[in-house]
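I opened this notebook to keep a record of what I looked up, step by step, in one structure. The entries go from the whole chain down to single residues.

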Amino acid sequence: MHDIVAIDRDGHWALTNYIVLPHIELNRSTGHVGDRFTVYAHGFSPTVPVTLVWDGVSTQFYSITDNRGFACIEAVVPPVSSGTYQVYAYDRWGETSQTLNFTVIPLYPPVLIHPEGYINTTAATLGWTSVEGAAGYLVAYDTDPNFPNPQNVTTNNITTVISGLTNGMKYYWHVSSLDIAGNQGEFSLPLNFTVDTDAPNSTISGEPYVRDPRFTIVYNATDTVSGVEAVSLYYAYNGTNYTMYATSNLASGAFAFDALYGEGVYSFYIVVADRAGNRGSSSVLNVLLDMSAPWSYVLPLPAVVNTTSFNITIVSEDTLSGMKDVRLYYSVDGGLTWEYYNTYIVGGYNATTTVLFNATHEGTYQFVAIGEDLAGNIDPAGVAEAFTTVDWIPPSASV
Ligand SMILES: [Ca+2]
Ligand SMILES: [Ca+2]
Ligand SMILES: [Ca+2]
C-alpha cells in the first residue's frame, strides 16, 4: 500500500492510496542444496518485513523493505529433495508476490583421479576431486563396465580404500556426489584398473668365459597380467657393489656390455618391472673376462730316438680361465709347414700332458704345442719347441 500526494504551486495537496502489485525476481532459477541466491522484491509496503516462502517445506527468509518497498533477500537453497519448488514473498500487510519456480538439482559428480590402468595391490585407494557443497560421496565399483552388481561405499572423504580385490581382475569404478539432503547426483565418467600382484620372471644367459671385453648378456622376461614395462641390467666387478648398467623396454633381448675394468669376474642380474609396479630379479650370471693367452710348450727330447713311437711331454699354463686343450704340430726334415698331429683336452691352470707320438718314417722331427684357454685365447704359434732325430734302422756295414 502506497500513498500518493499531489501538491500544487500554492501548497494545496491531496492524498490518495494506490496499490502496486508486488513482484519478485530471482537471480537464478536452479541451484544445488546450499547454494546462495538473491531475491529482488519490488512493490511491497515500505519499511516492513518481507518474507520469502519456499513452498512445500515452509522455509522462510526475511528482509526489510526500504522506503520505496524494495528488499533484497539473500537466501540459501534449503536441504530439500531434488525437484521443482514454488517460491513467493509477502509483506507484513499481506501484500503477496507472484509465484516463481525454483528447481533444486543434485550436485555434479567429481572428477576421478586414481587409480587407472594397473595396480599391484588387492586394496586400492580411490581418489577424486572434491565437489563444493558435497556432504558425501557414493562410490560404486564392479567388474562389469555396465555396473550390474556394484559394490557401494559411502564416504565423507575424497578417497576411500576398497580391499579384497582379485589378482588379474579388471574393476570399473565411478563416484557421485551427495548433498546434505541426501540427493545423489549423476555418476562421474568411470575409470578402470586391473589388479596385478605377480612379479615378473626373468632369466639371463651368456658365455661363462670371454676374451673380448665387449660381450653380450642375453635376457628374457615374462609377466602375467600387465606385462613387462622395463628391464634393467646390473653388474658388479670382482664382487664390488652392483651398479645399474643399462635399461630396455623390450621383454627379451640382449645387452652389449663393455668391461671397462679389464680382466676379472663380472657378475650380472636383471631387474624387471611390470606395468603395475611389481619387480622381479633374475639369478646371477658370472662372466670371467680372460684376455691373456695361455702358453704350452713341448719339453726337450733326446737328440736321437731309435723307436717309431716315443713319448712327448707338453707343459701348459694359463691364468684366469684355465686350459681348454692343446694341439700338437710337427714337421719333418725342415719342412716349411707344420703338420697337425692331435688335440688333447687339458684342464686346470697348470698341466703336464704326456702323449705317445708315432713317427711314420725316419728323419729330423720338430714339435710345437699350441694351447687354448677356456676363454678362447690361443698360445701364439712359435718356433720349434723340441726336436729329435728318429733313427730306428740299424746301420749296415759291408766288408
Ligand atoms: Ca605382473
Ligand atoms: Ca688365459
Ligand atoms: Ca707353444
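**Entry 1, overall shape.** I note at the start that this is a predicted model. I looked up the secondary structure, and the protein has zero helices and 35 strands. I then turned to the dimensions: the C-alpha trace spans about 190 × 55 × 30 Å along its principal axes. The radius of gyration is 49 Å, whereas a compact globule of 399 residues would have one near 21 Å. As for contacts between residues at least 6 apart in sequence, 63% of them join residues at least 24 apart.

**Entry 2, domains.** I looked up the domain assignment, which gives domain 1 (2–104), domain 2 (112–195), domain 3 (201–289) and domain 4 (295–390). For domain 1 and domain 2 I took the centres over C-alpha atoms, and these are separated by 44 Å. At the contact between these two, eight residues of domain 1 meet five residues of domain 2. On the domain 1 side, the residues that touch domain 2 divide into three nonpolar, four polar and one charged.

**Entry 3, a sheet of three strands.** I followed an open sheet whose strand order is S3-S5-S8, and its pairing is antiparallel. Strand S3 (23–26) and strand S8 (71–76) are at the edges and each has a single partner strand, so one side of each has no neighbour in the sheet. Neighbouring strands in this sheet are turned against each other by 25 degrees on average, direction ignored. I then looked at the pairing of strand S5 (residues 36–42) with S8, which is antiparallel and runs over six bridges; within it, Thr 38 stands opposite Glu 74 of S8.

Strand S22 (residues 228–237) and strand S23 (residues 243–248) run antiparallel and are joined by five bridges. I picked out one facing pair, in which Val 231 stands opposite Ser 248 in S23. Five residues lie between the two strands of this hairpin, and Asn 238, in the turn, has a positive phi of about 50 degrees.

The hairpin has six residues between its strands, and Asp 333 takes a positive phi near 55 degrees. I asked myself how many of the seven residues of strand S32 (residues 339–345) are buried. The number is zero, so I recorded S32 as lying largely in the open.

I ended with a residue in a loop: Leu 301 lies between strand S28 (295–298) and strand S29 (304–305). Is Leu 301 buried or exposed? I counted 21 C-beta neighbours inside 10 Å, and because the cut-off for burial is 20 or more, Leu 301 counts as buried. Leaving out residues up to four places away in sequence, Leu 301 touches Ala 386, Phe 387 and Thr 388. I also looked up Phe 367, which is 66 residues from Leu 301 in sequence and 9.7 Å from Leu 301 in space, C-alpha to C-alpha.

How values were computed. Residues are numbered from 1 along each chain as its sequence is written. Chains are lettered from A and ligands numbered from 1 in the order in which they are written. This is a predicted model: local features need pLDDT of at least 70, side-chain atom pairs count only at pLDDT 80 or more; totals for chains, interfaces and linings use all residues. Helices (H or I, at least four residues) and strands (E, at least two) are DSSP runs, numbered from the N terminus. A residue is buried if 20 or more other C-beta atoms lie within 10 Å of its own, exposed if 12 or fewer, and partly exposed in between; C-beta atoms are placed from the backbone. Two residues are in contact if their C-beta atoms, placed from the backbone, lie within 7 Å. Two strands pair if DSSP finds at least two bridges between them. The radius of gyration is taken over C-alpha atoms; the globule rule is 2.2 Å times the number of residues to the power 0.38. Axes are lines fitted to C-alpha atoms, for helices over the stretch in contact, and angles run from 0 to 180 degrees between N-to-C directions. Domain bounds come from an automatic or database domain assignment. Ala, Val, Leu, Ile, Met, Phe, Trp, Tyr, Cys and Pro count as nonpolar, Asp, Glu, Lys and Arg as charged, and the others, Gly among them, as polar.
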